[in-house]
Structure formats: C-alpha cells, structure tokens
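Please read them with the structure open.

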Amino acid sequence: MKAFHVKHYDVAVIGGGHAGAEAADAAARRGARTALITPDLGRIGEMSCNPAIGGVGKGHLVREIDALGGVMGLAADAAGIQFRLLNRRKGPAVRGPRAQCDRQLYRIAVQRRLAAREGLDLIAGEAIDLDLDRVDRIVVRLADDTTFVAGAVVLTTGTFLRGCIHIGEESFSAGRIGEKASVRLADRIAEMDLPLGRLKTGTPPRLDGRSIDFSQTVSQPGDDAPELFSQLSEGVAVRQVDCHISRTTEQTHEVIRTNLHRSAVYGEQVVGVGPRYCPSIEDKVVRFEDRTSHQIFLEPEGLDDDTVYPNGISTSLPKEIQASFVATIPGLESVRILQPGYAIEYDFVDPRSLSIDLAARVCARLFLAGQINGTTGYEEAAAQGLVAGTNAAALALGLPTLNLGRDQAYAGVLVDDLTRSGASEPYRMFTSRAEYRLMLRCDNADQRLTPLGRELGLVGDHRWEVFERKTSDLRHGKMQLERLTATATELRGAGISAAQDGCERSAWALMGRSDVDDAALESVWPEVRLIDDAVLEQLQIDARYAQYEERQRRDAESLRRSEAQPLPPDIDYSALSGLSGELREKLDAARPSNLGQASRIEGMTPAALTLLLIHAKRKRDAA
C-alpha cells in the first residue's frame with residue numbers, strides 16, 4: 001500500500017504550459033508558497049505549436065506581461081533567432097513585435113526562471129482529482145496518491161482535457177503528440193457544474209530542413225534593428241537567421257480537394273469548433289476556392305535543429321496525402337516529413353462561468369487560465385495565467401486583486417471578452433478587439449502597467465529601477481522640449497508651417513504634428529540631438545497620441561458611467577443601422593433592460609454598445 005503524503009501550499013498551479021508558467025511565477029512573486037504540478041518537468045514552457053512569440057495584438061499582450069514582471073518577454077528575447085516588427089509602416093498603435101524562437105532555448109529560459117523563483121516548487125505528477133468541499137482550501141490528488149492542500153488552485157490544462165488527435169481516419173487519445181490526455185481530471189471537472197464545450201485546433205507537418213531546396217523560396221530576413229519584448233533585455237542574445245516563404249500551387253489544391261473526404265475535419269470525426277482566423281489548409285482551399293495559392297512561412301525551429309515549421313498548412317489529412325500535397329509546393333518537392341500534421345480536439349470550460357478575476361463561480365478558490373477557457377495562442381494563455389496566478393495569491397494571502405479594465409490593457413480586453421461573451425470558437429487577440437487601442441500601444445505597456453505591478457508586488461527591484469530610470473529620462477526630455485520655443489517666422493524659415501498669430505511654439509507641441517520630423521526639429525533646435533534616440537522616439541509617439549489618448553480616456557469614463565443606462569423596452573432592433581444581423585436577433589430575443597445587460601450578450605461589441613447608448617439617449621431626449 002502506498003504512503004499517503006499531504007503537502008500544504010498557498011497556491012497550486014496544475015499544468016506547465018505558458019499559462020501555468022506565468023501563473024506560478026506571478027503567485028510566487030506575490031509571496032505565495034506555490035507549487036507547479038505537471039507530468040513532465042522537462043516540458044515546462046514547451047512551444048507545442050509554432051516556434052514564435054508575438055505578432056499584432058499578441059505582441060501587445062507579451063509587452064504587458066513583461067511590464068507586470070512576467071516570464072514570456074524575457075524568455076522570447078533569450079531564445080529569439082529572428083525579430084520583426086509587424087505593421088511597421090502603420091501607426092504605433094497597431095504595430096506588433098514578433099520573435100521567431102529556438103524551441104529548446106525558449107523552454108530552457110522559462111525553466112531557469114521558474115527554478116530560480118523563491119517560494120516556487122516544481123513537482124512532477126498528474127493531477128487527477130480536486131476536492132472543493134472545504135470552505136478554506138482545495139485538496140489536489142495526484143495519480144500516485146500524493147495529496148496537496150492549497151488555499152487556491154489554478155487550472156491550466158491546455159489541450160489535455162480529454163484531448164484526441166486526428167490524422168485522417170486515425171484517431172487516438174493524447175494531450176499533444178507524444179503525451180497522454182488528461183481524462184480523469186476532465187471527468188472530475190465535468191462533475192463540478194462547470195459548463196463544458198469542445199474545441200479543436202491543428203498543426204502542420206514538421207519538415208526536415210536539410211531536404212528543402214531554399215533556392216526555390218523567398219528569403220525573409222529579420223529587422224536590422226530588432227525590437228525586443230522586455231525592458232530588461234539589453235540586446236539580441238543568440239545568432240540570427242532568415243525565414244523563407246513559399247506558396248501552395250493549383251496542384252496542391254487539387255490533391256487536397258480530391259482527398260477532402262479523408263480529412264478528419266471534413267470526414268466529420270471532429271465535432272469541436274476550430275479557429276476561424278487560423279484555418280487549416282483544407283479550410284483555405286474550400287473557403288477561398290478562387291485563390292490559386294496561399295502563402296507558407298518556412299520557420300526554423302532552432303539553431304541546432306534542422307526541423308522547419310511550415311506555417312500556413314495546418315492539416316488533418318492522412319500521412320500519405322500530406323506527403324503528396326507538400327511535394328507540390330516549390331522548394332518542398334523532395335522534402336522529408338519528420339512528424340505529420342494533425343487536428344486535436346479537447347474539452348474547454350465556458351469562460352462565462354468565471355468571474356472577472358478568472359475564478360470559477362462554483363468555487364471562488366478555483367481559477368482557470370489558458371486554452372481551458374477557450375483561447376488559442378501562447379500569448380493569450382500567458383496573459384490569463386498572469387491574471388489568474390496573481391488573483392489566486394491574492395485570495396490565499398488576503399491581498400488586492402488584479403482586475404484590468406478594457407482601457408488599461410489588452411489583457412483586460414481579453415479577460416472581459418471571455419467572461420462576458422464566452423468563446424464560440426478559439427479566441428485570438430486582435431488589435432481590432434480593443435476600442436481604446438490608441439492608448440494601449442506596445443511602446444507604452446510599461447508606462448501603463450509597471451506602477452500597478454509594483455503596487456501589487458509583481459515587479460521586483462531591478463525592473464522597478466529600470467522603469468524609474470526610463471521615466472526620469474522621459475520626464476527630463478519632455479521638459480527640455482517644452483523649454484525650446486520659436487516664433488512662426490523662425491519655424492517657417494525651417495520649412496515648418498505656422499500661423500502668424502504672435503505665439504511661440506515649443507518643440508514638444510510641434511513634435512505632436514505628423515508633418516514635423518526629427519530633421520525639421522533639429523534644424524530649428526540643434527539641442528534636440530542631445531536627447532537619447534530611444535527617449536526621443538518614445539516622446540514623439542507620446543506627443544502624437546496625447547490628444548487621442550485624452551479623448552479615449554473620456555470615452556472610457558463615459559462608458560463606465562453609462563452601463564446603468566436603461567434601454568427603452570420598445571426598441572426596434574431590426575431598424576437600427578450599424579448593428580450586425582446576428583446582434584439584432586440576439587438583442588431582440590434578450591430584450592436587455594440596460595446597457596450593462598446588453599454588454600453581456602455573446603458577440604456584443606463596444607461599437608454596438610455605443611450605438612445603443614446613443615439611440616437610448618435620443619429616445620429619452622425626444623420623450
């Protein structure tokens with residue numbers, strides 16, 4: 001008979017993926033005695049899908065995680081083998097830093113961070129049962145009968161809850177390739193009155209880079225001046241490499257069309273809903289039948305790893321069909337497939353059953369984060385993990401909670417979207433989801449969130465010193481620019497338009513104009529060259545967005561006051577232009593009595609709420 005051991009913690013985190021790593025580190029940073037429990041300690045921080053971090057929207061989340069003292073940004077910088085700033089030609093609000101990473105280096109960076117974290121124990125084991133009956137704690141039981149008692153538990157199970165992999169007609173139980181699914185824990189969660197659903201995601205075949213003819217592809221180098229994620233990173237850590245681009249062909253599409261009936265998804269073995277914004281190659285061929293080709297990014301998985309990730313051809317076709325269609329792609333004619341692509345289906349919990357702090361309403365001591373809440377992507381999982389871990393520690397230790405508003409952070413948008421609207425498909429972050437995105441830029445994540453992180457005990461001394469130094473540099477730089485003034489005549493002499501109104505303009509005021517660049521400023525005030533380049537760039541962005549930020553702050557405050565705004569019971573939603581047909585139907589069925597109730601209808605958008613608010617005010621004024 002096995003011995004029955006009981007261990008006590010403030011917080012227990014179940015799962016060692018991106019959500020689990022952030023949750024455990026955040027809880028421990030707040031001073032909670034924390035356990036991270038996962039079957040294989042060597043796979044903590046595993047990049048189970050594409051070997052990249054960031055992108056548009058996702059990069060915003062990573063910067064916010066870093067601003068609050070998290071793990072992901074530092075790990076991505078340590079493992080980045082190519083850095084690119086997406087949307088560089090667009091405004092700073094929608095630019096997205098992205099890093100191609102070495103899988104092994106990323107995993108090592110995460111594991112080193114967690115191993116060094118004071119108050120955090122890493123425990124190998126499979127959690128199979130949770131006892132929620134006690135008022136002041138949760139009991140966690142492992143498969144080997146080891147038992148833990150914790151003041152709060154964070155569940156970050158990823159795709160493991162009753163996970164099932166599909167490759168053509170072949171299906172088998174797995175959490176991801178090579179790892180068994182979590183069935184007993186899934187059964188236990190089903191008994192907790194938590195509403196469950198089924199989702200799916202997919203991955204492409206992995207290719208042997210030594211068998212790729214890169215001369216038939218287009219090289220895609222990284223940026224000459226890499227944009228890193230973390231304020232603490234001092235520069236690129238490892239050798240940089242190129243990615244490559246190829247495209248599918250008509251022949252590729254024909255192979256896929258001919259064999260659609262053998263795809264797991266189109267053969268109806270899979271019932272879970274997949275991500276609309278990251279479709280399989282089968283979906284692309286069917287949905288975009290007029291397209292003759294689709295772009296494929298050939299992404300290296302590491303500096304000492306010949307594996308290549310072909311981003312863009314996720315598939316659940318049989319292995320032999322995958323080999324056939326891959327061979328029709330330029331550069332891949334003789335490629336060797338190291339691992340077939342597959343679809344994976346798994347259980348998730350409807351996040352509308354969670355409160356805004358990511359605690360389950362059926363048990364305030366149980367927190368959920370990551371794909372278990374219906375999201376897709378490392379970054380979305382990590383952001384939830386940080387919120388859930390922070391709040392689990394708050395509950396266990398009696399500390400303030402972290403509740404981010406939609407006007408404070410993309411992480412706030414993410415949590416609000418999930419808990420208010422749920423996830424009818426795997427949720428992915430986009431800049432378009434944030435109505436206050438002009439305020440929530442990648443460049444100012446630390447200015448927005450690091451003081452809050454320091455207040456909550458998430459931000460350590462070194463990070464705080466770096467932040468204070470940057471804040472001081474920005475403050476002094478702005479003061480210098482405000483002191484530099486010139487008359488309209490002097491400005492016109494430098495080619496800068498200015499009204500002859502007798503007023504002098506400061507360099508700071510002019511910096512907010514899109515038609516005034518650094519060269520123009522320096523021609524009037526050579527002293528501008530003395531300001532550090534990074535400081536000057538940040539000040540320029542701050543100046544140009546200042547008026548928009550103030551306007552959005554007023555809008556956010558107005559919306560908060562308006563949530564109690566009553567909606568007339570006789571609104572004819574079908575006649576409201578600007579609403580989608582889907583929202584008209586849902587509003588007509590729900591007949592919300594106020595704006596707050598309307599906001600909790602699935603699929604409701606901030607723009608639609610603003611439209612309802614305007615309509616309600618017009619009806620009230622007309623009455």
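1. A charge sits over a ring if NZ of Lys or CZ of Arg is within 6 Å of the ring centre and within 35 degrees of the ring normal. In this predicted model, Arg433 places its charged end over the ring of Tyr427, at 4.1 Å from the ring centre. Arg441 does likewise with Tyr545, where the charged end is 4.6 Å from the centre of the ring.

2. Tyr545 also takes part in an aromatic pair. Its ring and that of Tyr548 have centres 6.4 Å apart. The planes meet at 65°, and planes over 60 degrees apart count as edge-to-face, so this pair is edge-to-face. Both residues belong to helix α16 (residues 533–562), and being 3 residues apart they are separated by about one helical turn. An α-helix has 3.6 residues a turn, so residues three or four places apart point the same way. Tyr545 is buried, with a relative accessible area of 12%, while Tyr548 is partly exposed at 33%.

3. How many aromatic pairs does a search of the whole structure find? The search gives 3 aromatic pairs. One of them joins Tyr9 and Phe148, with 5.9 Å from centre to centre and 40° between the planes, and is classed as tilted. This pair links distant parts of the chain: Tyr9 is in strand β1 (residues 6–14) and Phe148 is in strand β9 (residues 147–155), 139 residues apart. Tyr9 counts as buried at 10% relative accessibility, and Phe148 is buried at 1%.

4. Leaving aside residues up to four places away in sequence, Val140 touches Ile14, Ile37, Ala127, Asp129, Leu130, Thr146, Thr147, Phe148 and Val153. Val140 is one of the residues with the most contacts inside the largest nonpolar core, together with Ile53, Tyr106, Leu130 and Leu366. That core has 115 residues, and helix α9 (residues 378–397) gives the most to it, with 9 residues. Apart from it lies another core of 23 residues, including Leu484, Ala507, Val524 and Val528. In soluble globular proteins, nonpolar side chains tend to be buried together.

5. Helix α12 (residues 461–483) can be checked for length. At 1.5 Å a residue, its 23 residues should span 33 Å, and the end C-alpha atoms are 33 Å apart, which agrees. The buried residues of α12 are Arg463, Trp464, Val466, Phe467, Lys470, Leu474, Gly477 and Leu481. Their cover includes α2 (58–67), α3 (72–79), α11 (445–456), β23 (505–506), α14 (507–511) and α16.

Notes. Residues numbered from 1 in each chain as written. Predicted model: local features only at pLDDT ≥ 70, side-chain atom pairs only at ≥ 80, totals over all residues. Heavy atoms only, no water. Phe/Tyr/Trp six-rings, centres within 6.5 Å; stacked < 30°, edge-to-face > 60°. Helix = DSSP H or I, 4+ residues; strand = E, 2+ residues; numbered from the N terminus. Buried < 20%, exposed > 50% of the residue type's maximum accessible area, 1.4 Å probe, protein only. Core = buried A, V, L, I, M, F, W, Y, C linked by side-chain atoms within 4.5 Å. Contact = heavy atoms within 4.5 Å. Expected span 1.5 Å × (residues − 1).
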